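Please take a moment with the sequence and the structure before reading on. The paragraphs below are meant to be followed with both in view.

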Amino acid sequence: MTEITRVPIQPVAKGSLTKLWLGVVLAIAVGAGLAWAAVPRGVDVDTLAAGTGPMPQTGDVLFIKYKGKLAADGTVFDESRDIPLPVEGIFPEGTPFPIEEGATIPGFFEGLQQMQKGGKYVLFIPADKAYGAEPPQGAPIPPNADLEFEIEVIDVMSQKTFERNLGILQQAMQSQMGGAGAPGAEAGAGPAPAPEAAPAQ
């Protein structure tokens, strides 16, 4: 028959129970933190300066100034450039971006819808809503890179206003080219054909 040695249970020292519970709470907090870190981040818009007016709708065109960086190390891979337009007052400065699915990367499309005229923002786009494992060939963006954009919204224009202003711009360009009054010089008809060279004498 096996003999069992009895060991008396020691009473819990004062304060040890508190330390035990603190240890359990700390372990739960660390576990929750690790679980949160493992959850993929979504598109995140941080407001640096609030804008005004309604949020853009699908079909609207945003005129923005932006700087695109790799979120990992801040390397700039793209910047907006103002488009030189021959007629002032038709379009504001900045780069026009249509709010249309498929017109840009999904995260940019999603983020622009949360911005207002006059606002300044930092937009974080996780790799799966940017270029994923296959960035554009020759781009300085590595595969599976998270992106960050600094964005200033200069103006928000409805699709109807944008198309109307585009028509005005086309008419103004035709007038500048000397096509005013010539056959086919009405809006949307394209520039008038160039005159043929005079015959050699």
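What follows moves from the whole protein to a few of its residues.

This is a predicted model, in which local features need pLDDT of at least 70 and side-chain atom pairs count only at pLDDT 80 or more, while totals for chains, interfaces and linings use all residues. Residues are numbered from 1 along each chain as its sequence is written, and side-chain values use heavy atoms, with hydrogens and water left out.

The protein has three helices and six strands, where helices (H or I, at least four residues) and strands (E, at least two) are DSSP runs numbered from the N terminus. Along the sequence these elements follow the pattern α-β-β-β-β-α-β-β-α.

Confidence is given by pLDDT, the predictor's value for each residue from 0 to 100; its mean over the protein is 77, and 65% of the residues reach 70 or more. Where pLDDT is low, the predicted coordinates should not be read in detail.

Of the 201 residues of the protein, 28% count as buried, a term that means under 20% relative accessible area, with exposed over 50% and partly exposed in between (1.4 Å probe, protein chains only). Among contacts between residues at least 6 apart in sequence, 69% join residues at least 24 apart.

The structure holds nine aromatic pairs, where rings of Phe, Tyr and Trp (its six-membered ring) pair if their centres lie within 6.5 Å, and planes under 30 degrees apart count as stacked, over 60 as edge-to-face and the rest as tilted. Tyr66 and Phe97 form an edge-to-face pair, at 5.8 Å centre to centre with 75 degrees between the planes. Because Tyr66 lies in strand β2 (residues 61-70) and Phe97 in strand β4 (residues 95-98), the pair ties together parts that are 31 residues apart in sequence.

Asp155, finally, has its place in strand β6 (residues 147-157), and it counts as buried because its relative accessibility is 16%. Leaving aside neighbours within four places in sequence, Asp155 is in contact with Val61, Leu62, Phe63, Pro92 and Lys117.

Technical notes
Contact = heavy atoms within 4.5 Å.
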